[in-house]
Amino acid sequence: MQIVIRPVDVWLFRDGKPFTAGEDHIAESTFPPSPFTLQGAIRTRVLADKGVNLSEFACQRQPDPDVGYGDNFGKLRLCGPLLMRCKDGKWERLIPMPADVVKVGKRYELLRPNDLPFGTNLPDGLQLLWAQTGERLTEAKGWLPESEWERYLQDQPPSQAVLTEDLFTFEPRFGIAIDSEKGTTQEGMLYQARFVRLKDETALWAEVSGVSLSEKGFLRFGGEGRAATYEALTKSLKPLSQFNAARGATRFKIVLVTPAWFSGGWKPRDGDWSKIFGSSVRLVGAAIPRPLLLGGFDVAKGIPKPMRAFVSPGAVYFFEADEPVQFANAFTETPDEVRQQNGNTNAWERIGLGAVLIGVW
């Protein structure tokens, strides 16, 4: 079931950096939220619909047959969340501008791996990404709308982008820490948090399967228990896999649309990509934005979750292969301790991490 998620007021999605009122002054927010935030909201809703006492469930630490417990996600399967907007009465999804897109004047161009007449110190035979132009290049900002995906994945530069200010804004607000025992404010504990306010006709898209979820309702979504409403889309949008343009190609690029985690930072620790593709491929270039730090708070244990660096949406990996490869549905690894709780499977793929679009170059 595909759903559209809208805010009741504003949202707060904290980044992975620790924050303590009085010691830190600004709580930063990241948007769109990660799949971890989505799975927490959906699991809570499913358990509430089943009449489960959430406090008792957190303390008992017994996996639910549908949504599991902790890092065991049970039957739950997710895709998203992705930003979406309603244009001319129709919903369309948006992804962060891919990192291989640059701006030349008012037009967009693509960076590609190129054999250059000089040597570099890039490891493992990686090539520099280059644009065949003598004009000045600038960073391409904004969001790539769904109407441009097919063009981009066929190795054509996009013709348009959507600006962030047309979709949402960050709204700073001041707060003061509360003493939970006394119910009073704490002296000197002022802080500022950056909330997210969506513009009209802007929302989040997600796909939920494997569990029974009512057609519409409320979600406890993000920091401070902010509320959201959700409802099933009356007409489902095209699956991400149907946009893939590299079937049968031996040169292809992977574009991340949700965060991914790898044991070696931005790649597998041993550089063996066959674990992802099931066959031999060669990485020839990559455009990697600044990493995204994700952590969170373990409500059951009452402690922060480990903070890890993830590859950000918009990252692009360029590959070559000797023969066509079978593409996986996701492009991510899962830490060993999480795999063990899920029968040694790629559990983070199941909840929406490493979602990709695949194109040619």
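1. Let me start with Y317, which is buried at a relative accessible area of 0% (buried is under 20%, exposed over 50% and partly exposed in between, with a 1.4 Å probe and protein chains only). Before going on: this is a predicted model, where local features need pLDDT of at least 70, side-chain atom pairs count only at pLDDT 80 or more, and totals for chains, interfaces and linings use all residues. Residues are numbered from 1 along each chain as its sequence is written, and side-chain values use heavy atoms, with hydrogens and water left out.

2. What does Y317 pair with? A search of the whole structure turns up 29 aromatic pairs; rings of Phe, Tyr and Trp (its six-membered ring) pair if their centres lie within 6.5 Å, with planes under 30 degrees apart called stacked, over 60 edge-to-face and the rest tilted. W266 and Y317 make a stacked one, 6.3 Å centre to centre with 25 degrees between the planes. W266 sits in the loop between β16 and α4 (274-277) and Y317 in strand β22 (residues 316-320), so this pair ties together parts that are 51 residues apart in sequence. Helices (H or I, at least four residues) and strands (E, at least two) are DSSP runs, numbered from the N terminus.

3. With F277 in helix α4 and F319 in strand β22, the pair ties together parts that are 42 residues apart in sequence. F277 counts as buried at 7% relative accessibility, and F319 is buried at 0%. Ring pairs link F252, F262, W266, W273, F277, Y317, F319 and F331 into a cluster.

4. On to the sheet that holds β22. Its four strands run in the order β17-β22-β16-β23, open and with antiparallel pairing; two strands pair if DSSP finds at least two bridges between them. At the edges are β17 (282-287) and β23 (356-360), each pairing on one side only. Strand β16 (residues 251-256) pairs with β23 over five bridges, in the antiparallel sense, and F252 faces V360 in β23 as its opposite number.

5. Strand β3 (residues 77-87) is mostly covered, with eight of its 11 residues buried. Its antiparallel partners include strand β13 (residues 202-209), over seven bridges, with L82 opposite W205. Strand β4 (residues 90-96) also pairs with β3 in the antiparallel sense, over five bridges, and R85 has E92 as its bridge partner there. In the β3-β4 hairpin, which has two residues between the strands, D88 takes a positive phi near 55 degrees.

6. Two charges sit over rings (NZ of Lys or CZ of Arg within 6 Å of the ring centre and within 35 degrees of the ring normal). R93 has its charged end over the ring of W205, 4.8 Å from the centre. For K238, the ring is that of F243, at 4.5 Å from the centre.

7. What about disulfides? The whole-structure search finds zero of them, a disulfide being a pair of cysteine sulfur atoms within 2.5 Å. As for individual cysteines, C79 is buried at 17% relative accessible area, while C86 counts as partly exposed at 23%.
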